[in-house]
Amino acid sequence: MTDRGRQQGAVRKVGTGALVCLIVILMTAAGYAQPALKKIAFIPQWSPQAQFAGYYAAYEKGIYEKHGLDVKILRGGAHRPSSELLEKGEADIASIWLSTALQKRSNGVRLVNIAQVVQRSSLMLIAKKSRGIRRPEDLEGKKVGLWGDDFRIQPMAFFKKYKVTVKVVPQSYSVNLFLRDGVDAASAMWYNEYHRVLNSGINADELTSFFYSDYGLNFPEDGIYVMEETLKKDPAAACAFVNASLEGWRWAFDHPEEAINIILKYMIEANVPANKVHERWMLERMKDIIIPAGSDRAAVGVLKKEDYERVGKELKEGGLIGNVPGMDAFAFMCTGYVQK
Amino acid sequence: MCPAWTPSPSCVRDMFKNKGIAFKLVLFFTLSSAAIFAAIFSYNYLVSRGMIQKGIEENSANLITTTTSRIEVLLTSTQKVPQNAAYLLENTNYDEAELFKVIYAIVEKNPEIYGAAVAFEPYAFDKTKKYFAPYFYRNGEGISFKYLDRFYDYFQWDWYQIPRELEEPQWTEPYFGEGGGILMSSYAVPFYRVVDGTRKLTGVVVVDISLEELGKIVSSIRILKSGYGFLISKNGTFVTHPIKEHIMNETIFSIAEERKDPVLRETGRKMIRGETGYSASPVKSAVTGKSCIMTYVPIKSNGWSLGVLFPYDELMADITNLNHVVLALGITGLVLLALAVVFIARSITKPLTEMADIAGRIGTGDLEAQVPMVRTKDEVGRLALALDCMKTSLKDYIQEITDTTAARQRMESELKIARNIQMGILPKEFPPFPDRKDFDIHALTIPAREVGGDFYDFFLIDRDHLCIVVGDASGKGIPAALFMAFTKTLIKARASADIETGVLMSEVNDELSMGNPADMFITVFCAILNTVTGELRYTNGGHNPPVIIRGAGDISYLDGPGELVVGIMEGTQYTTRTLVLNPGDGLFLYTDGVTEAMNEGGEIFSTDRLKDVLATCAGGGVSEITTCVGEAVNGFCKDAPQYDDITMMALRYDGTDNENG
């Protein structure tokens, strides 16, 4: 689809959203005038998939409009890092990994975490049991596929922790090298590549899975970020976005099939392989990592101090940052703000 | 009556029991025929299904072999090109221009090849260049060129990385080519150079081919109406499929997950392992949703797998049609059979039902009921004949019984008359002579069921002479009654004050003997009492000896042997005996009905017992004596039937002194 087409689509959706709002207003017979919607451009880290189901659901179900926002979800992808778009001002709000954001902040980019959506790291290492890998120690001398940059922080700390030396093979976007035994172990996101491997005919019991979060290396991932300047200018809009997005997530978890259909629609539009079963898996796993077992559903989106400090410590030890920035400046509690 | 809502087994059995023969026959024949038919039908179905399946397997084997060999030809011919190039690059020296010529020629000379590149390891071609990968590719009618640069970063792509790591040529997973939506796959061959004595990877030769041709080959597979073939890659991803959305988006495993079909997943695993076989369970067609038999064979060149689905119902269409006809014929046959059975059963049960009704009517006595005509000579015919015969016999028998009963009734009424005669001629008023104080007399007879021959009589011949008689005629019934009556009349006619009882008896004997062809006889005790003197003259013609009850309490049987019974022999002379009764003395006369009365144990009353009884009741009046003995006999016999008349007579002489004094 061309850019113009996308814009037209967006305009049409805004129109529909406005109509919905109008109807809502008429139905509730609210006596005051609806203020103009605030325009916000949001960039996810990647192309459409259930990893962002909450945002697309909030958009499709008119939740952003309800919160007074006119949100435009930009197309993410490998060559459009969300943090760069945020930094350049092409996007007002971005979904960024905590570790990425911390490095940026440490490097002087004044971005602020306004919500920590994903609480549990879904990054993992998978290996075929047939290759004799069952414990972290078994990785010694093995060929391990690793993604670049931020995806290497946890694995490196992990290898260090278990004192193993591995042969790192740069990992592409596919898991084919692993499937064809070109590497002994490969990186995977629990909600994505892990399921792709299962759906390439490998059974779960044939795999050894190392979740970094199980080895003291839980790096909370996707969070919502805004530039400090933007936040100061209109904290209400930023927090409205956070609240609407979290509401979108809750809606998606309550209506998984509908949410999956929304995602699939965007995937087809973006011309990326769309597989319902895979998106269903991804949405279920997103629920697992956004609301980890035992946590309070109402407390979704809060960056925990211990998580922040753990990530900061590991980054510093890895030499990726000089000093850990203060959490007060880095994180802004929207829930508190709204309550005021 | 069975409650309809609780069909217990016994209830069902009862229900069945209550049904008619016709119902049972129809049920039995229809069910057993249906069972036989079902067995034949199933066998036929299974055998013919097996035959068709076998035929299909043979045909499909040909089709699949042809298809896979066409794919193999396509792939292997493509494989040769980069293999040759790699060989060339390993064994010759070349500069950039020569390299370009080779790559260009690959694209130009091989229409099936979309693009070709030789990608080098970092700094392997040019010590200053990390990325060096000239790429020629088709662009419309012409051939374009570009370097795959750092932005593309080919080191991380499967086509480069996988053959590099595995150190062997590889077909990549299918992918959509840049720009167009053309599905492609690349074949990449690593090539090496010996540097300082070690064989070192230099780069990868890669060619891209469009999978369109391959798609055409697979989509040309048409099995019956809706059967189809599909191709999956090494990862199970659909490369070709009649449903376009499945291609690249779905894997056989995601379909298995969606369908929650672990067997399909296992089949997929076998397919990507390069096995050949049939799916262990039916696979649903993604197009029609129909149940299909799935077979799969590997494409050896690239490790992909070809699956072919045979729609089960279409395979079985002919046999299904045949089976429908057979089934229809079978059901029609069953219906006709049932009708025939109903007809036959009716022809049997209709006369049976009628006969049952008739038998019922006969049972209630309606012998005029008409037994239905049955022309057949079978069991039913015989039953009808037997019933008719039975009816006639019953009718005759009942007629006979009616006649017999009438005769018997007549006879009984005659017997009644005879008894009336017998009883009528016996004096019955007691006391018979109320004005006489010098003697008293009382008699009693208890008749048996049949008329017996007992009799008694007493009469005054003149003022001073009383005649008393007790007798027992032989036999029973009217002859005995008449004989007895005759005897009584004769005695009464001939008795006179001065006659000797022996003479009287002889005269009576002569009279009776004369007209007695039946040789009947009678025992008679006859006595004449002179009421003035108390003298008793008597003759005993074969009768039981009477008992003398002396006023002093002495009781004894009258001595002297009994003489011949009366009426049997003419001219018999009887003797007259004499006895004097003192005032207060009595006489007790009786027939053998008393002494021979029998109880249930077969014991007789006997003369001794009679004597004992008289001893206890002799003190009373005459009527008390007879009553007393009668009760004693009754008490002795209890419920035993009375076979003979019981006759008793008691006489007491009080003497004339009383009258005078």
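This is a predicted model: local features need pLDDT of at least 70, side-chain atom pairs count only at pLDDT 80 or more; totals for chains, interfaces and linings use all residues.
K276(A), V277(A) and H278(A) of helix α12(A) touch S254(B), E257(B) and E258(B) of helix α6(B).

Zooming out to the whole contact between the chains, chain A puts in 20 residues and chain B puts in 22. On the side of chain A that touches chain B, the elements giving two or more residues are β7 (167-170), α7 (176-179) and α12. That side of chain A splits into nine nonpolar, nine polar and two charged residues.

Chain B has a helix pair of its own to look at. Helix α2 (residues 21-91) and helix α5 (residues 212-219), both of chain B, have axes that come within 10 Å and cross at roughly 170 degrees. Anything over 145 degrees counts as roughly antiparallel, so α2(B) and α5(B) are roughly antiparallel to each other. From α2(B), the contact uses T67(B), R70(B), I71(B) and L74(B), while α5(B) supplies E213(B), L214(B), I217(B) and V218(B). By class, this contact of α2(B) with α5(B) has five nonpolar, one polar and two charged residues.

| Helix pair | Axes come within | Crossing angle |
|---|---|---|
| α2(B) and α5(B) | 10 Å | roughly 170 degrees |

Now for the fold of chain A, which has 15 helices and ten strands. Of its 340 residues, 49% are buried. Take the contacts in chain A between residues at least 6 apart in sequence: 81% of them join residues at least 24 apart.

One sheet in chain A is open, has five strands in the order β2-β1-β3-β10-β4, and mixes its pairing. The edges are β2 (69-73) and β4 (111-116), each pairing on one side only. From one strand to the next, the twist averages 35 degrees. Inside this sheet, β3 (residues 93-97) and β10 (residues 222-227) of chain A pair in the antiparallel sense over five bridges. A94(A) sits opposite Y225(A) of β10(A).

Two helices lie across these strands. Helix α5 (residues 98-106) of chain A lies across β3, β4 and β10, running at about 105 degrees to β3(A). Helix α10 (residues 235-254) of chain A lies across β1 (38-43), β2, β3, β4 and β10, running at about 30 degrees to β4(A).

Chain A also has an open sheet of five strands ordered β7-β6-β8-β5-β9, again with mixed pairing. Its edge strands are β7 and β9 (207-211), and its twist averages 30 degrees from one strand to the next. Here β6 (residues 143-146) and β8 (residues 185-189) of chain A run parallel and are joined by two bridges. The bridge partner of G145(A) in β8(A) is A186(A).

Which strand ties this sheet back to the chain contact? Edge strand β7(A) is one of the elements giving two or more residues to the side of chain A that touches chain B.

Terms used: Residues are numbered from 1 along each chain as its sequence is written. Chains are lettered from A and ligands numbered from 1 in the order in which they are written. Axes are lines fitted to C-alpha atoms, for helices over the stretch in contact, and angles run from 0 to 180 degrees between N-to-C directions. Helices (H or I, at least four residues) and strands (E, at least two) are DSSP runs, numbered from the N terminus. Angles under 35 degrees count as roughly parallel, over 145 as roughly antiparallel, 65 to 115 as roughly perpendicular and the rest as oblique. Two residues are in contact if their C-beta atoms, placed from the backbone, lie within 7 Å. Ala, Val, Leu, Ile, Met, Phe, Trp, Tyr, Cys and Pro count as nonpolar, Asp, Glu, Lys and Arg as charged, and the others, Gly among them, as polar. Two strands pair if DSSP finds at least two bridges between them. A residue is buried if 20 or more other C-beta atoms lie within 10 Å of its own, exposed if 12 or fewer, and partly exposed in between; C-beta atoms are placed from the backbone.
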